[in-house]
Amino acid sequence: MCGIIGYVGKNNAKDVIISGLYALEYRGYDSSGIAYNAQNKIKIVKMEGKVANLEKKLKENNDIPNIGIGHTRWATHGKPNETNAHPHKEGITTLVHNGIIENYLELKHKLSKYYKFKSETDTEVACALIDYYVKKENNKLEALKMAQKEINGSFAFAIIFDDELNSIYIMRKDSPLIVAEKDNNYYVASDIAAILSYTNKYYLLDQGDIAKISDKIYFYDKELNSITKEINEYRGTINDVMKNGFDHFMLKEIHDEITVYKNIIRSYIPNLNINDLKKNFGNFSKYHKITIVGCGSAYHTGLVAKYLFEEFANIPTNVEMASEYRYKKIFPSKNELVILISQSGETADTLEAARIAKENKMDTLGIINVLSSSIARESNKVIYCLAGCEIAVATTKAYLAQLLILSLLSILMAYERGKISKNEANNYLKDLTKLQKDTKDIINNKEYYKEIAKDFYKDREMFFIGRNIDYGLCMEASLKMKEISYIHSEAYAAGELKHGTISLIEDNMVVFGIVTDSSIAPKTISNLKETKARGSKMILVTNKEIANNYENDNSYRFKIIVNKLNPFFQSLTIITTMQLISYYVALLKGENIDQPRNLAKSVTVE
Ligand code: F6R
């Protein structure tokens, strides 16, 4: 939520900041703004809406600043208008902020005798608080230390001061922030994507860290002890954050799925056997219970994994939405493993769930995409998803990577518990070659999914029904559809429909039935038929083996049939088909696919 960037160096700060903001736009796109030095003063330019509006506005002047800070906003406190847009300025202090100041009303009250607040934001209050201490302490680092002690909530700040136009100060807690240097140019950003065209080496700020950037980067902990930092290296390239000829990042990222599988195989299972998995994932034999925690799509991967862990490894598994888990009574048990799933590794609710699990002395395993992100750093153990930068707000390749890692983990756990033999485990793993080939074929056949999308893209609502593992897939398929195409869709457990919700089925309403578990296929098919009897247009999503049994049944509007794979990997090809359909529905509707309304990619507020 919200992207921040800062630059000090030899080049035009406006250009560096605008290109960085474009790369960070996935974090929010309600408004954007910049503050920079011009004629020895700080100049602030803000615009409602996307970064393109700000870029246009900036072209109206010829300023060539060498220092600046910028922001792209996902509104939390106050409407997405120009007044609430960042940067905010109070006294001699100008700042941009990512996070939420929870006690801002209390602070606002305290500071209102010194400052006249103009916006509805919590950020303006934080700005005033820092300015207040700058004046009181007459020392900027001390001021930041004092302000940090008083602020409750999360923040990543980049700050410039009227009387020190050659330095940027930064400080973070619970919101990501990196800083980098290349050829005496200094960059600050919420995420490496913003600066990847200059460097792939960066420093990470830890909880409470403060830094001053001028002729070099000076790092301090929250008590202002001078500290040194290790340099991190992002292993991808600038291509990771470019569309590379695709119309949308989402489509590019669906194509990337084949590379993601390759990365996972190369790093964790190069010989496609269980010994590789044992070596690279570790030993999980002591765990008797699993709790999986995540949000949105990450939570949905848990629903699928629950089935695999229970069915094949015989381990009782709970799946919890992180936003619920953090406020509910939990019953930690001995030898319970808490698995935290997150693409960004910064999702506030999932991060808090990690902390709760640790406080309750449970082991935590993070399945995370972004390297060295907060959840990765706070988990006892991490398995990285290796999906590369994901820019489209709707997750595709990272979801697939999470699901594959969980499927591999369930094979490992089933083997460790003697539920499958070494031979069986190795045979399952060999199917990874088929999985890659099938995914490639599905993607190459994308015109078919476009044809299907054409049939119903003007509809207003639809259903996805399935049982057990397929219900988990329905949840994700339905989320993908609604978040980018704005068609209201519901995922429903197929057998539950007749207990009330079936009353919503009307003539010509699309009902997808996802059916991959042959043992219960006839049950789900009957439920689909019950909707057909009430006028629905049925779309069957299944594998070849099940489809063969319904070969002569022409009552379906469409059949989406993937090759049969072993039960650990079957979900993966199914979901790629659903991602493609959602993509084409949104495309035909002309929606903003990569940046759907009201959303942002990295949800660092609760
Ligand atoms: C949906 C989507 C979200 C995320 C959720 C968790 O397409 O992307 O539902 O899955 O916000 O984000 P991470 O995985 O970063 O914790």
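**Entry 1**

I began with β12 and β13, which form a hairpin with three residues between them. I note that the model is a predicted one. I then looked up how the two strands are paired: β12 (residues 210–213) and β13 (residues 217–220) run antiparallel and are joined by four bridges. Within this pairing, I found A211 opposite F219 of β13.

I next followed β13 onward to β14. Strand β14 covers residues 226–227, and two bridges pair it with β13 in the antiparallel sense. I recorded I227 of β14 as the bridge partner of F219.

**Entry 2: residue D63**

I looked up where D63 lies and found it in the loop between α2 (51–58) and β4 (67–73). Is D63 buried or exposed? I recorded D63 as buried, because its relative accessible area is 12%, under the cut-off of 20%. I then examined the side chain of D63, which a polar contact of 2.7 Å joins to the side chain of Y36. Setting aside neighbours within four places in sequence, I listed the residues in contact with D63 as N12, K14, Y36, A38, Q39 and K43.

**Entry 3: the largest pocket**

I turned to the pockets. The largest pocket holds about 900 Å³ of space. I found 41 residues lining this pocket, and those closest to its centre are Y234, N369, L371, G388 and C389. Two elements give two or more residues to the lining, namely β11 (201–204) and α7 (257–268). Which element gives the largest share of this lining? I recorded α7, with five residues. By class, I noted 16 nonpolar, 14 polar and eleven charged residues in the lining of the largest pocket.

**Entry 4: the second largest pocket**

For the second largest pocket I recorded a volume of about 710 Å³. Its lining consists of 30 residues, and C295, G296, S297, K601 and V603 lie nearest the centre. The elements giving two or more residues to this lining are α9 (296–313), β18 (336–342), α11 (348–359) and α17 (469–485). I noted that α17 provides the largest share, six residues.

Terms used:
Residues numbered from 1 in each chain as written. Predicted model: local features only at pLDDT ≥ 70, side-chain atom pairs only at ≥ 80, totals over all residues. Heavy atoms only, no water. 1 Å grid on protein atoms, 1.4 Å probe; cavity = no way out; pocket = protein on both sides within 12 Å on 5 of 7 lines; lining within 4 Å. Points joined across faces, edges and corners; volume = space filled by probe spheres on them. Nonpolar A, V, L, I, M, F, W, Y, C, P; charged D, E, K, R; others polar. Buried < 20%, exposed > 50% of the residue type's maximum accessible area, 1.4 Å probe, protein only. Polar contact = N/O pair within 3.5 Å; in protein donor to acceptor, adjacent residues only side chain to side chain. Contact = heavy atoms within 4.5 Å. Pairing = 2+ DSSP bridges.
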